[in-house]
Amino acid sequence: MGKVIAAYRTHRAHPGPISQTRLASWLGITQGQLSRIETGPPVAHLDRLTEWARLLAIPANLLWFKLPGPQPRTPPNAPASTPAPGPFRLVRIADLDGEDPDIAAMHAFRSADRSFGGGHLYSAVLDYLHTDIGPRMFGGSHRGDARSLFTAAAGLTEMAGWMSHDAGHDQQADRHFRRALDLAVAGGDHQLHVHVLASLSHLELSRPTPDPHEALRHARDADMALNRIERHPELVARIYALQARAHAAMDQPQPAHRLLDHAAAALSVHSEPISSPWVSHFDEASLASDATRCLRALDDLPAAARHAHRIIDLRPAGTRSWAFAQLTLGVILASQGHPDHACAVATAALNDTATMNSHLLTRQLHDLVRQLQRYRTITVRQFVDHLNTVIHERTLMHRSATNS
């Protein structure tokens, strides 16, 4: 793997050699660690090899180990060197075809985050902000005007907030979101400003002890800000869904159901894509995710299960949102008296997220253990023991990523 990485850095497809510091930030390690990998003994740690093989999109037929999850099928008569499609490919300047490098970096980080979790990527996003965006904002480079730089800083800072949240650091996430708000105003991206206010609302609702009143305030602030610009259906739907979740958390079913209906109606309106490239899309699966959380808070478990199934149908297997829906469905099934079905559903999520570093998923595993502990069958007890082992291993992974 060290030889592969060294060859990648110095390949003539790049305008010039990629520095060890820059590539190390993409891999989530230090420059010194990368240097030892390139020049030292072969790496044998399977979790790291698996992650790096996916990041570099190395064809499966060239690996001595098997990547977890479903393997892409090789087309008949295809040459042996045909690359297998991977979930994430590192951004190279030669691949941008005129796309803004900051936006390309954001797309790459976002794609990797869906497959590997925020715990693996948080340091890489911060490094990009500090070593690439920061110097340009303060006179180190002339690439990009001031407003576009502030907007890029806002979008990537908001992304760092989401990764902090996924890694279990909600206070840090709150600081990132609030800083992103100021940067979005300076950059003049009004849709991104609304988007970050919605992120603050989501954060308040997702804390271990949620504050629905504060979440509702942020959602209403987002709605007021949206009134000052063109009201895009996706942003409107997201704000309605967040307000529904806040009312559900306050045990107010009537406004919660009404607002979910408004969100669905807004999302059904055909429109052009959101003009800001920094705003992530809010689609049917996103609405189903908010609806699942909303209906669970209202103790409408059959309806919540239907929406969880909808997410599973719409999201690619192995992504964080798909795994979260699988585990949510497992918790619902266990609480409805179907422990064996819950174990089967959860097993699929565990198998496809072995290397994902997401505190939120681990928290969901804790919820599943609590629901399954009341069942006394041998099979369920064995599965709970397995879950506890997995939770312990993933907790160590979170700590290792935090300390690296």
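Me: Why does His 193 count as buried?

Reply: The model is predicted; local features need pLDDT of at least 70, side-chain atom pairs count only at pLDDT 80 or more, and totals for chains, interfaces and linings use all residues. Residues are numbered from 1 along each chain as its sequence is written, and side-chain values use heavy atoms, with hydrogens and water left out. Buried means under 20% relative accessible area, exposed over 50%, partly exposed in between (1.4 Å probe, protein chains only). His 193 has 19% relative accessibility, so it counts as buried.

Me: Where is His 193, and what is it in contact with?

Reply: His 193 sits in helix α9, residues 190–206. Helices (H or I, at least four residues) and strands (E, at least two) are DSSP runs, numbered from the N terminus. Contact means heavy atoms within 4.5 Å. Neighbours within four places in sequence aside, His 193 is in contact with Leu 181, Ala 184, Val 185 and Ala 225.

Me: What makes Cys 294 and Cys 343 buried?

Reply: Cys 294 has a relative accessible area of 1%, so it is buried. Cys 343 is at 7%, so it counts as buried too.

Me: Why are α7 and α8 called roughly antiparallel?

Reply: Take the angle. The axes of α7 (residues 146–166) and α8 (residues 170–187) cross at roughly 165 degrees and come within 8 Å. Axes are lines fitted to C-alpha atoms, for helices over the stretch in contact, and angles run from 0 to 180 degrees between N-to-C directions. Under 35 degrees counts as roughly parallel, over 145 as roughly antiparallel, 65 to 115 as roughly perpendicular, the rest as oblique. The pair is therefore roughly antiparallel.

Me: Which residues make the contact of α7 with α8?

Reply: Among them are Phe 150, Ala 154 and Trp 162 of α7, and Phe 177, Ala 180 and Leu 183 of α8. The contact residues divide into eleven nonpolar, eight polar and four charged.

Me: What makes helix α2 mostly covered?

Reply: Count the residues. In α2 (residues 20–27), six of its eight residues are buried. They are Gln 20, Leu 23, Ala 24, Ser 25, Trp 26 and Leu 27.

Technical notes: Ala, Val, Leu, Ile, Met, Phe, Trp, Tyr, Cys and Pro count as nonpolar, Asp, Glu, Lys and Arg as charged, and the others, Gly among them, as polar.
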